[in-house]
Amino acid sequence: FRARYQDAPLAEYYGFVVKNERGDNIHVSCVSFMEPLQSSKFDQLDQISEKKRKTSLAHKRYCERKERALFNNEIDDKSSFLLGFDDDTFSARKHLKSDLILTGFEEMMTFELKTICLISRYPFWSAFRRFLSHLHILSGSSSDLPLERYISHLLLSVPVPKPGAQCIIIPLPAIASPMVLSLPPAKDMPLLDLPCHRLFSCLDAP
């Protein structure tokens with residue numbers, strides 16, 4: 001995905017339900033977001049392009065045109081070199097990429113789609129959305145703890161609330177509101193952890 005840094009799409013939250021082999025509901029909460037392509041992915045694309053260059057005549061000609069344009073200073077967008085080159089051109093492209101550490105909002109960038117999913121037997125949709133928002137904010141900031149530490153804490157240390165018992169509150173440093181997990185009593189209606197204000201706002205009722 002190619003776009004200016006300021007035009008990068010916002011994160012999207014969604015969820016769906018699947019069935020396991022026993023017919024039980026498995027609830028999946030997801031957040032998808034765009035991040036600038038990392039240098040390791042550039043190197044991976046270089047290797048893929050170099051292999052494709054040996055088997056595809058059209059790709060080989062495309063690479064040759066890119067090389068001629070590079071040496072003739074006909075390419076303005078320095079961040080668009082995603083294809084393989086020879087040794088001299090490869091080192092030149094490495095030097096150009098090192099100059100793009102601080103990227104302006106108006107410059108074109110290459111983004112990749114990333115998705116984080118939480119899989120649970122319980123439909124904690126709103127609570128998991130808060131947790132995913134927490135992870136998404138931390139992924140774009142400097143944090144003392146890695147994201148895996150927060151995920152392992154949720155999966156291994158946070159217990160499942162008992163039906164009708166006290167709720168479990170998990171503080172989330174990146175956002176203002178904590179994540180709250182609770183289950184209704186066994187004889188009450190099933191858990192509905194979804195915001196219904198948009199649904200009721202569509203009804204023609206006073």
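The model is predicted, so local features need pLDDT of at least 70, side-chain atom pairs count only at pLDDT 80 or more, and totals for chains, interfaces and linings use all residues. Residues are numbered from 1 along each chain as its sequence is written, and side-chain values use heavy atoms, with hydrogens and water left out.

The secondary structure of the protein comprises 6 helices and 6 strands. Helices (H or I, at least four residues) and strands (E, at least two) are DSSP runs, numbered from the N terminus. Along the sequence, the pattern is β-β-β-α-α-α-β-α-α-β-β-α. The protein has 206 residues, and 30% of them are buried. Buried means under 20% relative accessible area, exposed means over 50%, and partly exposed lies in between (1.4 Å probe, protein chains only). Contact means heavy atoms within 4.5 Å. Of the contacts between residues at least 6 apart in sequence, 58% join residues at least 24 apart.

Four strands form an open sheet. Their order is β1-β4-β3-β2, and the pairing is antiparallel. Two strands count as paired if DSSP finds at least two bridges between them. Strands of a sheet pair through backbone hydrogen bonds, either parallel or antiparallel. The edges are formed by β1 (2-4) and β2 (12-19), each of which pairs on one side only. From one strand to the next, the twist averages 40°. Axes are lines fitted to C-alpha atoms, for helices over the stretch in contact, and angles run from 0 to 180 degrees between N-to-C directions.

Strand β4 spans residues 108-120 and is joined to β1 by 3 bridges. These two strands run antiparallel. R2 has T110 of β4 as its bridge partner. A3 stands opposite M109 in β4. Strand β3 (residues 25-36) is joined to β4 by 10 bridges, again with antiparallel strands. Here F33 stands opposite K114 of β4.

S29 also belongs to strand β3. Its relative accessibility is 4%, so S29 counts as buried. Residues up to four places away in sequence aside, S29 touches Y14, G15, I116, C117, L118, W125, F128 and L132.

Helix α1 covers residues 39-55, a run of 17 residues. From first C-alpha to last, α1 reaches 25 Å. That is close to the 24 Å expected at 1.5 Å a residue. The expected span is 1.5 Å times one less than the number of residues. F42, D46, S49 and R53 are the buried residues listed for α1. They lie on the same side of α1 because they cover an arc of only 70° around the axis. The arc is that of the directions from the helix axis to the C-beta atoms. The face turned away from this buried side carries Q47, K51, K54 and T55, which are exposed.

The structure holds 2 aromatic pairs. A pair of aromatic rings is described by the distance of the centres and the angle of the planes. Rings of Phe, Tyr and Trp (its six-membered ring) pair if their centres lie within 6.5 Å; planes under 30 degrees apart count as stacked, over 60 as edge-to-face and the rest as tilted. Y122 and F124 form a stacked pair, at 5.8 Å centre to centre and with 25° between the planes. F124 and F128 form an edge-to-face pair, at 5.9 Å centre to centre and with 85° between the planes. Y122 is partly exposed, at 33% relative accessibility. F124 is buried, with a relative accessible area of 4%. F128 is buried too, at 8% relative accessibility. F128 is also one of the residues touched by S29.

L191 lies in the loop between β6 (179-181) and α6 (197-201). With a relative accessible area of 24%, L191 is partly exposed. L191 and P123 are 68 residues apart along the chain, yet their C-alpha atoms are separated by 7.1 Å. Leaving aside neighbours within four places in sequence, L191 is in contact with P123, F124, S182, L183 and P184.
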